[in-house]
Amino acid sequence: MQGSLLVLSMLSSPFSLRNEQEKQFFMLMLTFCLVCPNVMVFIKSLWRCAFKSFVQPNFRTMGIICVIECLVSLGTSVIVLVVMPQFDVLTNLFISGGVCATSAILQIAKLSELDGFSQVRRREIRTSRLYLTNIVIQWKDFTDFVNAVLQSNVTHLSITDVTFLRLPYHDTYVSNTSAVKSFIITRAMVISFFFSQNAIYNFFINMPVASIAVLETPIIHMTCPSSQSPLRQLDFSNCALSDTIFSREEGEHTLECETLGQLSRLSLRGNNLKDFQELSMRMQNMTSLKYLDLSLNGLTHDGQVECTWPSSLTHVNLSSNQLTHFVFTCLPRGTKELDLQNNEVSVVPQGPFLRLDSLEILDLSSNRLKDLPVCHGFPTLTTLLLNANSLHAPSVTNLKKLPKTTISGCQSSLAVKSEQKSGKRRIQLLSWPVNYCCSYPEALRNSTLKDFWMPEVACNVGLLAATILCPAIIMIIAMVTVCHRLDVPWYMGMIWQWAKVKRRAKNYRLQDMLGVEFHAFVSYSQQDADWVKDSLLHNLQGPAGGRLRICHHEKSFLPGRTIIENIMQCVEKSWRCVFVLSSHFVKSEWCHYELYFASHQHLAWGSDRVVLVLLEPLPEYLIPSKYHQLKNLMSKHIYLEWPEEKAKQGLFWVNLRAALQADLLTAPPEGRGLEEEPLIVRE
């Protein structure tokens with residue numbers, strides 16, 4: 001080519017021996033040689049745009065390329081048409097050789113920058129499955145590698161833990177033909193945040209393969225293929241896709257994808273999908289779709305908007321979402337297998353518009369069902385799974401209304417078969433009891449039911465109650481009888497009084513003991529003097545009683561004073577006032593005076609200063625009305641009863657001594673209270 005241009009330029013030179021007509025001919029031929037290659041390149045570009053895969057370039061890039069090509073053409077024309085005709089043959093030869101050498105050097109430098117992918121394309125790859133893991137690669141190198149693999153004999157390409165560098169701002173070329181059947185990329189990452197996401201999405205979705213899986217990669221969107229895609233399977237599990245998947249916005253309108261007509265299986269498990277009805281719009285044009293997995297999302301549906309699913313859809317997995325019973329209004333009519341486990345379904349609605357005539361398997365495990373669903377809208381239902389629901393007492397009526405169905409109703413895979421024979425509904429437990437395991441109690445969990453035995457009392461509530469209550473009643477009656485025979489209530493009462501007295505004895509103040517000379521003043525009737533002298537004083541003043549100082553009228557009343565004065569003085573100088581109550585006590589006038597003065601004297605100190613000893617039973621009707629203070633004290637104050645049994649008398653004296661015990665600060669005058677001869681005798 002360069003030699004032809006050299007000959008033509010020399011023949012068209014002004015210094016050539018050719019005439020003017022011949023020079024014009026050679027000049028025309030020279031122009032044709034320069035223009036014709038550019039015209040052919042232009043025609044080739046138009047042909048590729050029309051009949052092969054074409055990615056629209058950026059306008060800025062197109063402009064730069066056009067300017068460069070114009071400058072190259074202009075420079076070539078100037079050299080050939082203006083410069084070369086002015087020089088001799090040798091000079092022109094060096095000029096054309098330099099241009100050719102420069103072009104060759106630039107091409108060699110360009111080829112040296114390639115990292116070997118061009119050689120991979122030229123070599124025949126016999127590997128059918130190619131796996132790459134834990135790599136860091138630039139986006140351009142990655143796309144060159146993928147395009148090289150697409151043109152090879154590899155049928156399955158899997159890439160795991162890949163990090164992309166220098167991500168693109170514009171679409172990247174991807175081969176339009178391939179022998180690869182499946183492409184899997186797992187845990188892809190980027191460390192740059194300034195790039196075109198759509199450029200990356202377009203590269204993957206436009207790959208000419210039958211199956212694409214992008215797993216555990218935080219992509220938030222996926223575009224629609226630019227032309228009819230050969231994809232049969234798509235798996236975007238555990239990504240971050242939203243409800244706008246496969247769609248694009250143009251103004252105020254949303255354009256749905258129409259180029260996935262051959263897609264038969266789609267998995268969007270574990271993404272950020274929310275609106276169940278909006279997803280049906282995304283997939284309405286997938287006319288070959290049969291298997292759809294939308295599990296582990298946050299899908300909801302309120303039942304107010306109608307859904308538009310493709311009629312080819314037969315298997316739907318909606319487990320682990322937030323769907324309620326309204327989901328039955330938004331299901332594909334041709335569904336054969338429906339998985340709704342771990343949702344919020346509490347009832348299966350009924351109605352003429354809620355029919356799934358092809359439904360065969362329905363999984364409602366881990367929902368909120370409280371009774372068996374009435375499945376009138378599912379005439380071909382054969383298997384119903386109801387594990388982990390609140391089916392405490394399933395209705396037999398609802399079970400009989402089911403079609404020929406096998407029901408699994410608990411974690412031990414309880415299987416019930418309901419079928420119609422001879423006009424009668426027959427219910428049968430399948431594989432009973434070999435294939436059944438216990439879930440409760442915990443000690444017998446997972447043990448086979450055939451080896452399990454439970455007594456009748458564990459199942460019969462009435463028998464269980466009788467077994468527990470009868471021995472309990474017999475034991476209670478026996479304990480009451482024994483306590484009554486042994487006077488346990490009396491002993492408990494006395495112990496309680498002793499503890500109460502002990503607690504009060506710790507709380508008295510020292511100033512309350514000023515002027516107190518006696519532990520107790522004893523008031524009794526002369527008819528009870530023998531018991532007082534022989535028993536009361538002996539047990540309180542003796543060594544066993546702690547040598548308490550007891551004030552009583554026979555030894556402590558002073559001569560020369562009136563009885564009233566002695567009573568008042570003894571009451572004032574005593575820590576307690578002990579009243580020995582009996583039928584004789586209420587008949588004595590002096591006892592009434594002593595009780596009257598004692599009750600008024602200790603009114604400011606509290607009723608605990610008065611100790612009542614009931615020598616014999618004293619019914620309230622025997623107490624005269626003038627003893628209203630006594631009635632009041634007996635109704636509000638705890639009194640000690642004198643027991644006739646000797647075994648009980650020891651505890652009586654212990655309680656009485658505890659009630660009178662105190663540390664006295666003042667001792668009585670010498671000789672007082674120690675006389676043995678009576679000073680005053682009361683009637």
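**Stop one: leucine 294**

Select leucine 294. Beyond its neighbours within four places in sequence, leucine 294 is in contact (heavy atoms within 4.5 Å) with Leu268, Leu273, Phe276, Leu279, Met283, Leu299, Trp309, Asn317, Leu318 and Asn321.

A word on the model: it is predicted, so local features need pLDDT of at least 70 and side-chain atom pairs count only at pLDDT 80 or more, while totals for chains, interfaces and linings use all residues. Residues are numbered from 1 along each chain as its sequence is written, and side-chain values use heavy atoms, with hydrogens and water left out.

**Stop two: the core**

With Leu294, they have the most contacts inside the largest nonpolar core, which has 76 residues. Such a core is a set of buried Ala, Val, Leu, Ile, Met, Phe, Trp, Tyr and Cys residues joined through side-chain atoms within 4.5 Å. Buried means under 20% relative accessible area, with a 1.4 Å probe and protein chains only. Colour α6 (139-150) next: the largest share of this core, 6 residues, comes from α6. Helices here are DSSP runs of H or I, at least four residues; strands are runs of E, at least two, and both are numbered from the N terminus.

**Stop three: asparagine 343**

Go to the loop between β11 (337-339) and β12 (361-363); asparagine 343 lies there. Is asparagine 343 buried or exposed? It counts as buried because its relative accessibility is 5%. Show its contacts: among them are Leu318, Asn321 and Ser366.

Notes. Buried < 20%, exposed > 50% of the residue type's maximum accessible area, 1.4 Å probe, protein only.
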